[in-house]
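I wanted to see who pairs with whom, and where.

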Amino acid sequence: MSASQPRTVDITVATTSRGPDATDLHLLRLALELQVDALLLTIGAAARAADAEQVPWRRWAVEDLDAARMLAQTLLAHDTAPPATLGRGGVGVGADDALADLVARYSSMDGLLGSVLERPYAGQAWRPVARETRARCRARLEELHRHRGSTYRRQADGDRRYLPGELLG
């Protein structure tokens, strides 16, 4: 064989029909982490984009979200934990735990936004966005509590679950 005749050598390992091995699942987990990063980059770019009509940011965000969901489902179907940033790391975490984690996050956002909105108004342009976000947050909390079989109530600080690092300031 001369240098002018390129040749492709297949160095992949053949897999059996039993399904993916640990290496395959690890690579899927890494792909999921990258997909979540891509989703966040898309959201960030869409927020800064002046040409939102020319670049399909919204469609890309929806497609990225769907791809992340499919990868996470695949990992869970093979008893492989998704990245911890997608919820509790353990396999077999049910909907009740996911709902509780979402309640904790939305409760924290509600508290944070409430704190910033309680400060005296001085013409800050971000206040309408903070109010709208808080309203959506509260609506989501009501919906989450309905799904959990309870009604929305403002939790007392002693009854509240805190997120890692939330109390550090």
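This is a predicted model: local features need pLDDT of at least 70, side-chain atom pairs count only at pLDDT 80 or more; totals for chains, interfaces and linings use all residues.

Entry 1. I looked up how many salt bridges it holds, and the count came back as 6.

Entry 2. I started with arginine 29, which forms a salt bridge with glutamate 33. The closest N and O atoms are 3.6 Å apart. Where do arginine 29 and glutamate 33 sit in helix H1? They are 4 residues apart in that helix (residues 22-48), so about one helical turn separates them. I checked accessibility too: arginine 29 is partly exposed at 26%, and glutamate 33 is partly exposed at 32%.

Entry 3. Next I went to helix H2, residues 57-77, where arginine 69 and aspartate 66 lie 3 residues apart, about one turn of the helix. Their side chains meet in a salt bridge, 2.5 Å from N to O. Buried or exposed, or in between? Arginine 69 has 40% relative accessibility, so I put it down as partly exposed. Aspartate 66, at 34%, is also noted as partly exposed.

Entry 4. Then I looked at glutamate 132 and arginine 136, whose side chains meet in a salt bridge at 2.8 Å, N to O. Both are in helix H4 (residues 127-147), and being 4 residues apart they are separated by about one helical turn. Glutamate 132 is partly exposed, with a relative accessible area of 39%. Arginine 136 comes out at 59% relative accessibility, so I wrote it down as exposed.

Terms used. Residues are numbered from 1 along each chain as its sequence is written. Side-chain values use heavy atoms; hydrogens and water are left out. A salt bridge is a side-chain nitrogen of Lys or Arg within 4 Å of a carboxyl oxygen of Asp or Glu. Helices (H or I, at least four residues) and strands (E, at least two) are DSSP runs, numbered from the N terminus. Buried means under 20% relative accessible area, exposed over 50%, partly exposed in between (1.4 Å probe, protein chains only).
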